[in-house]
Amino acid sequence: MSRVQALTTSASIKYQKPLSSTATSCRALGVQPVVEAVKVDGTTDASASGTVTLAAYSDSSCSSAASGSLTAAALSVDFVSGYASFTNVAYTGAAGTIYLGATASGGVIPVKCSDAITVGYGTTGLAFSQQPSASITAG
């Protein structure tokens with residue numbers, strides 16, 4: 001059985017748990033995506049095989065690519081016991097809203113679009129936690 005044929009036993013894919021609703025540009029998401037293959041009866045399809053690919057989109061239907069870039073340890077991951085786990089997923093781009101789209105190999109199952117993720121910038125610059133002394137002692 002080919003990888004695409006094996007995946008067709010699954011009715012859908014879903015994110016195992018909700019992703020973070022906020023993210024900081026250039027930093028790993030607080031909750032990393034885990035995509036689950038689901039049977040018609042709603043249970044995990046532990047026999048699913050195939051690959052899931054993540055991409056960033058600018059719209060809630062996951063049809064328009066986001067202008068920034070999505071990085072991860074790997075953006076395409078194989079199912080293992082019904083799950084495809086991604087690590088070090090980060091989005092680099094302008095502040096705004098993005099959606100992550102998970103696509104199963106062969107396009108047999110429609111893209112699963114995440115809820116909105118609001119991307120912002122982290123703090124920049126340095127701050128003293130204690131002000132330096134106004135005078136110094138030679139020694």
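## Basis of the model

The model is predicted: local features need pLDDT of at least 70 and side-chain atom pairs count only at pLDDT 80 or more, while totals for chains, interfaces and linings use all residues. Residues are numbered from 1 along each chain as its sequence is written, and side-chain values use heavy atoms, with hydrogens and water left out.

## Overall architecture

Helices (H or I, at least four residues) and strands (E, at least two) are DSSP runs, numbered from the N terminus.

Of the 139 residues in the protein, 35% are buried. Buried means under 20% relative accessible area, exposed over 50%, and partly exposed in between (1.4 Å probe, protein chains only). Among contacts with a separation of 6 or more, 65% join residues 24 or more positions apart, a contact being heavy atoms within 4.5 Å.

## Nonpolar core

The largest nonpolar core has 26 residues, and Val-35, Phe-86 and Leu-100 touch the most other members. Elements giving two or more residues to this core are β1 (12–15), β3 (34–38), β4, β9 (96–104) and β11; β9 gives the most, with four residues. A nonpolar core is a set of buried Ala, Val, Leu, Ile, Met, Phe, Trp, Tyr and Cys residues joined through side-chain atoms within 4.5 Å. In soluble globular proteins, nonpolar side chains tend to be buried together.

Val-119 is found in strand β11 (residues 117–120) and counts as buried because its relative accessibility is 3%. With residues up to four places away in sequence left out, Val-119 touches Ala-23, Ser-25, Tyr-91, Ala-94, Ala-95, Gly-96 and Ile-98. Val-119 and Ile-98 are 21 residues apart in sequence, and their C-alpha atoms are 7.2 Å apart in space.

## Charged residues

The count comes to one salt bridge, defined as a side-chain nitrogen of Lys or Arg within 4 Å of a carboxyl oxygen of Asp or Glu. Glu-36 and Lys-14 form a salt bridge in which the closest N and O atoms are 3.8 Å apart. This pair links distant parts of the chain, with Glu-36 in strand β3 and Lys-14 in strand β1, 22 residues apart. Glu-36 is buried, at a relative accessible area of 6%, whereas Lys-14 is partly exposed, at 35%.

Asp-59 lies in the loop between β4 (51–57) and β5 (69–71). Asp-59 is buried yet has no salt bridge, and the nearest side chain of opposite charge, Lys-112, is 14 Å away; Lys and Arg count as positive and Asp and Glu as negative, with His and the chain ends not counted. The side chain of Asp-59 reaches the backbone nitrogen of Ser-64 at 2.8 Å. Beyond four places in sequence, Asp-59 touches Ser-64, Tyr-99 and Cys-113.

## Loop residues with positive phi

Ser-81, in the loop between β6 (76–78) and β7 (83–85), has a positive phi of about 55 degrees although it is not a glycine. Asn-88 is found in the loop between β7 and β8 (90–92), and its phi, near 55 degrees, is likewise a positive value in a residue other than glycine. Asn-88 counts as exposed because its relative accessibility is 53%.

Technical notes: Polar contact = N/O pair within 3.5 Å; in protein donor to acceptor, adjacent residues only side chain to side chain.
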